[in-house]
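Open the model in your viewer and keep the selection panel at hand. We will go from stop to stop, selecting residues as we go.

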Amino acid sequence: MPLVDCGGRKIGYESGGPADGSAPLLVLQPPGASGASIWRAIAAPLQNRFRTVAVNPSAYGDTEPFAGREPMTIRDEAAATAAVIRAEMRNAAGERARFAGHSYGGTVGLVLALEWPDLVDRMTLLEPAPYPLLREAGEAAFAAEIEGRNEDFIATVRGGGLNREAMESYLDYFNARPGYWRSLDRETQARMLTLSERLAVGLEAVGRLETSRADLEAIAVPVTVIRGGATDPLHARLSELVAGAIPGAALVDLPGAGHMMTLTHGPQIAEILRISAGAAS
């Protein structure tokens, strides 16, 4: 797995497709509790058209944990992705990358576009999750729901010895399917349990996000927001808020998809990216 340096921290990612400068760069950012591998099935059919790069967030895969003096922020995650883009542009066509991010990864993409606009050409965001926007928009019930879920997860993990309970509640909720955790095989459950603390760090970073709807108005690249046609009301509304705040952004529904669409609708997402990320600048 390739590695790049970001302020002395090693960032790992998975790459594929032409490395001879003949294809545009498509950067893929995973959702929470996931690493770069979640994009493999989606990236594979796109590698005849793009140089694909799937980034491992902090403490996933070969990416080293964040170890700054202050707690990790979404900007820190975006800085790592920026370092990957700079390293990979030499292998790709053009001067800027196309970006796709799911949930937590979409939130990273929003901050990337605001902080390093020179690196991003266009963006496809799959139900991005900048949850503080809900409270700003007056969606108090939705804000309380997700803040409570995330705070309970963090408190349960930090309380010690209850990672299984925390992960079961989290995965059942985000897959909109009670019993989802218990349907997983033991090997998958064991792997997910190793991610508990990493997920808690990411959820804390989202909770501290200071990006506002007014900030999103400064995003000047083409943006497509993908909303699951069968998603929960909270993420449906949040997708509307993000798309509505970004000038010219398109909001597109993916029929039958819930929030965890990268797990369930890979071929459809690959086709969406072939079109939305492949359009000319």
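This is a predicted model: local features need pLDDT of at least 70, side-chain atom pairs count only at pLDDT 80 or more; totals for chains, interfaces and linings use all residues.

To find its middle, select Ala33, Ser34, Gly35, Arg191 and Met192, the residues that lie nearest the centre of the largest pocket. They belong to a lining of 26 residues. Now highlight α6 (163–174) and α8 (186–193), the elements that give two or more residues to this lining. Then colour the lining of the largest pocket by class.

Next stop: the second largest pocket. About 230 Å³ of space lies here. Which residues lie nearest the centre of the second largest pocket? Select Arg75, Val111, Leu209, Glu210 and Thr211. The lining of this pocket has 13 residues. Two or more of them come from each of α2 (74–88) and α3 (104–115). Which element gives the most to the lining of the second largest pocket? Pick α3, which gives 3 residues. Colour by class again: the lining of the second largest pocket divides into 6 nonpolar, 2 polar and 5 charged residues.

Stay on α3 and select glycine 109, which has its place in this helix. Is glycine 109 buried or exposed? Glycine 109 is buried, because its relative accessible area is 0%, and the cut-off for buried is under 20%. Now show its contacts. Leaving aside residues up to four places away in sequence, glycine 109 touches Phe99 and Met123. Glycine 109 and valine 120 are 9.1 Å apart in space, C-alpha to C-alpha. In sequence, 11 residues separate these positions.

Last stop: helix α13, residues 266–276. Select Gly266, Ile269, Ala270, Ile272, Leu273 and Ser276, which are buried in α13. Turn the view to look down the axis of α13. The buried residues fall within an arc of 160 degrees, so they line one face of the helix. Then select Pro267 and Ile275. These two are exposed, on the other side of α13.

Technical notes. Residues are numbered from 1 along each chain as its sequence is written. Side-chain values use heavy atoms; hydrogens and water are left out. On a 1 Å grid over the protein atoms alone, a cavity is a set of points where a 1.4 Å probe fits but cannot get out, and a pocket is an open set with protein on both sides within 12 Å along at least five of seven lines; lining residues have an atom within 4 Å of a point. Helices (H or I, at least four residues) and strands (E, at least two) are DSSP runs, numbered from the N terminus. Grid points are joined across faces, edges and corners, and a volume is the space filled by probe spheres set on the points. Ala, Val, Leu, Ile, Met, Phe, Trp, Tyr, Cys and Pro count as nonpolar, Asp, Glu, Lys and Arg as charged, and the others, Gly among them, as polar. Buried means under 20% relative accessible area, exposed over 50%, partly exposed in between (1.4 Å probe, protein chains only). The arc is that of the directions from the helix axis to the C-beta atoms. Contact means heavy atoms within 4.5 Å.
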